[in-house]
Amino acid sequence: MFRRRQFNISSLTVSETESPEFSRITVLFDGDDRAKRQLKSQLYKLPDIQVVSELDREQTVNCELLLVKLANSDPSSRNDILDAAGAFDAKVMDYTRDTIILQLVGESRLIDNFIDLMRDYTILEICRTGVVSLQRGSAVMRNLAEQ
Amino acid sequence: MLCKGSEVVVRTLIEQGTSLVYGYPGGMVVDIYDALWHHRTEIRHVLTAHEQGAAHAADGYARATGNVGVCIATSGPGATNLVTGIATAYLDSVPMVIITGNVPQENIGTDAFQEIDITGITLPITKHNYFVSDATRLASVIREAFALAQSGRPGPVLVDVTKNAQEEEVEWEQLPPLPRTRPKRHYHRSELVAAAEAINASSRPYVYFGGGATSCSAEKQIMALADAIDAPIGCSLMGISAIPSHHPRFLGMEGMHGHLASTLAMLESDCLIALGVRFNDRATGNRAKFKQGTTIIHIDADVSELDKNTEDTFAIVGDLKQTLQELLPLVRHRARPNWSEFVEGLRAHEEQVADRREGLTPQNALRALNELIEDDACVVADVGQHQMWAAQTLTFTKPRTFVTSGGLGTMGFGLGAAIGAAMGTGRRAVLVIGDGGFYMCLNELATAVAERVPLVILIMNNSVLGMVRQWQTLFYEKRYSATTFTEGQTDFVAVAQAFGANGARANSLDELEEALQNAFAAKGPFVVDCKIDRDELVLPMMPPGGTLDDVFFRVGE
């Protein structure tokens, strides 16, 4: 549907939820108000969709997970990589003579910045999960569906 | 009672009110066909020549009757052959339930013989679809499919049933059919009041309706609204026949090949009241430039149609009939003499530039046909020039008597749909088709003959693919790439006779009148092969990507 109607989405995450009956799809969408209304009403036409909720960035906890594999064969850059990882609180998940895998969890912007920094070294592979979000406070999407 | 899944399918179809299905058997639906044999006194199955014909027949049946059309096909090619038919129904919001068979669950995903992922293929062209590999779900899924096909904005729903689910035995109990749900009301009364105020404040309102008028049975309310505010009425291609063609306020179809008066009245209006219509590009031309700055009041059952192709001033979601009933008392009854006079002027202008040539012109051929069409008869038009001429020229008095593929524009839709329309209404149907479209579906003559379907088939035969040729004439400097047949290369009368139908050829208006007399007196299908000049154009025309301002009604001079 997103592709067919040419909605400009930059991230899509499908995940399990608290209930085995529902999956949760988190979409990062870029568009004006009219496109946003159109996206929502097209989603509501799909019988499997129970509720569509627009999340306000300020009122939401957003995060994403990044795994990045870097070349580690140059001994002179090893400490720099580890320092940068430390500055971002990224975890070392794998460390060999040839490669290193770092994991970073955080808002997309933080991850973008970290990747940018890592470009100083040799990036071999990047894998990002896409954004997942929950509204702050007591709001629960499933309650909206039941209304 | 305990019965096989295939029995459950057939019994649930009967429970949901189905008495006629179209289809084609095959290895993965042979169990369902066995159940159909057992229930043959309660449900009639019609074998078509091709699965596409079955889908179009179910579609034509649904459009002509308002009931859900049902078709059945086997896995693999049986299912893929339905695809164009399903998409045709989807684009025109026709309620259909499609049953396909599939290979046993244990073979799914192995590229087994005749295995295809039909739910994947039809995802964007169905309202919803189901893959059922467990017989216990069958009855509830089919019931849900019927409810969904008819609810809100109608559409096709596909149920794919694996062979093992057809063979397993399960408990089945008859339930009453689910009631058809009306579209939910989403608007607040204040929106309706504001819309009514905008109508009251306008001096040149134009009432514009589409297929939603028929699916919501809102024809009377539309006429009442136009009467109250003294507005002309126009419609989209899908709206034709919803209100009588001779209604004094009716200006006819608007759009790329619409009536001149209707299109110009829309252009001049300051308040466009759009009812159950979706502003397709063939109706609006260049969307970005369409009616900028005009008040648009848009009422539709489908929220996603609002504000999609136009910038609606008032976007109101709801059942058209109920919403109009609520809107009517809010609008002020008043005459708009200046506007009426202007519209009458447009009508007189249209009359003045009308095509009045003598002899066998497309218009005269259709006028001759119009004379003989019974009031209740359903007219099916295929796709192309003849479709536009038919939409412009034929007159209708009852809803659901004009059936055509509007949204998808499916050539080859005609014969299958006409069979479905005739069988659904129990009356003779009329098919207007081009020679190109007839080549695409003439195999269904076999079905029409086998079922003795009363059909008048008028082939407007110009030996070219006329609509594309028209574009080539006007916009491609007459480079007629792949649009010309050898004149007389196929003897359509002999083709009809070879299938066991009757036929006659007409090279003049007199011959046509005589041929049509015979056609309307015949019991089964009758083909009239009518010669039309290949350089005839459909006019007026709004050039593709143009605006209502760019409409022309004459070429050359």
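Reader: How many residue pairs are in polar contact between domain 1 of chain B and domain 3 of chain B?

Author: Nine residue pairs, both partners at pLDDT 80 or more. Keep in mind that this is a predicted model. On the domain 1 side, helix H3 (51-65) of chain B is among the elements that give two or more residues. H3(B) gives the most, with 11 residues. That side divides into 11 nonpolar, 10 polar and four charged residues.

Reader: Where do the bounds of these domains lie in chain B?

Author: The domain assignment gives domain 1 (2-171), domain 2 (189-352) and domain 3 (362-531).

Reader: How much area do domain 1 and domain 3 of chain B bury between them?

Author: About 1,700 Å², 63% of it on carbon and sulfur atoms. In domain 1 of chain B, B:His56, B:Arg63 and B:Ala64 lose the most area to domain 3, together 27% of what that side buries.

Reader: What makes B:Arg44 and B:Glu451 a salt bridge?

Author: The closest N and O atoms are 2.6 Å apart. The cut-off is 4 Å, so the pair qualifies. The rule finds one salt bridge across the interface of domain 1 and domain 3 of chain B.

Reader: Why is the pair B:Glu311 and A:Arg34 called a salt bridge?

Author: The N to O distance is 3.5 Å. That is within 4 Å, so the name applies. The pair crosses between chains, from a loop of chain B to helix H1 (residues 33-44) of chain A.

Reader: Why is B:Glu311 called exposed?

Author: Its relative accessibility is 59%. Exposed means over 50%, so B:Glu311 counts as exposed.

Reader: And why does A:Arg34 count as partly exposed?

Author: A:Arg34 has 25% relative accessibility. Buried needs under 20% and exposed over 50%, so A:Arg34 falls in between.

Reader: How do you know that A:Arg57 and A:Glu107 meet in a salt bridge?

Author: Their N to O distance is 3.8 Å. The limit is 4 Å, so the pair counts. The two residues sit 50 residues apart in the chain, each in a loop. A:Glu107 is partly exposed, at 32% relative accessibility.

Reader: What makes B:Asp355 and B:Arg357 partly exposed?

Author: B:Asp355 has a relative accessible area of 24%, and B:Arg357 has 40%.

Reader: Which residues are linked in a network of salt bridges?

Author: A:Lys45, B:Arg153, B:Asp302, B:Glu305 and B:Lys308. Over all chains, the search finds 37 salt bridges.

Conventions: Residues numbered from 1 in each chain as written. Chains lettered and ligands numbered in written order. Predicted model: local features only at pLDDT ≥ 70, side-chain atom pairs only at ≥ 80, totals over all residues. Heavy atoms only, no water. Domains from an automatic or database assignment. Buried area = accessible area lost by both parts, 1.4 Å probe. Salt bridge = Lys/Arg side-chain N within 4 Å of Asp/Glu carboxyl O. Polar contact = N/O pair within 3.5 Å; in protein donor to acceptor, adjacent residues only side chain to side chain. Helix = DSSP H or I, 4+ residues; strand = E, 2+ residues; numbered from the N terminus. Nonpolar A, V, L, I, M, F, W, Y, C, P; charged D, E, K, R; others polar. Buried < 20%, exposed > 50% of the residue type's maximum accessible area, 1.4 Å probe, protein only.
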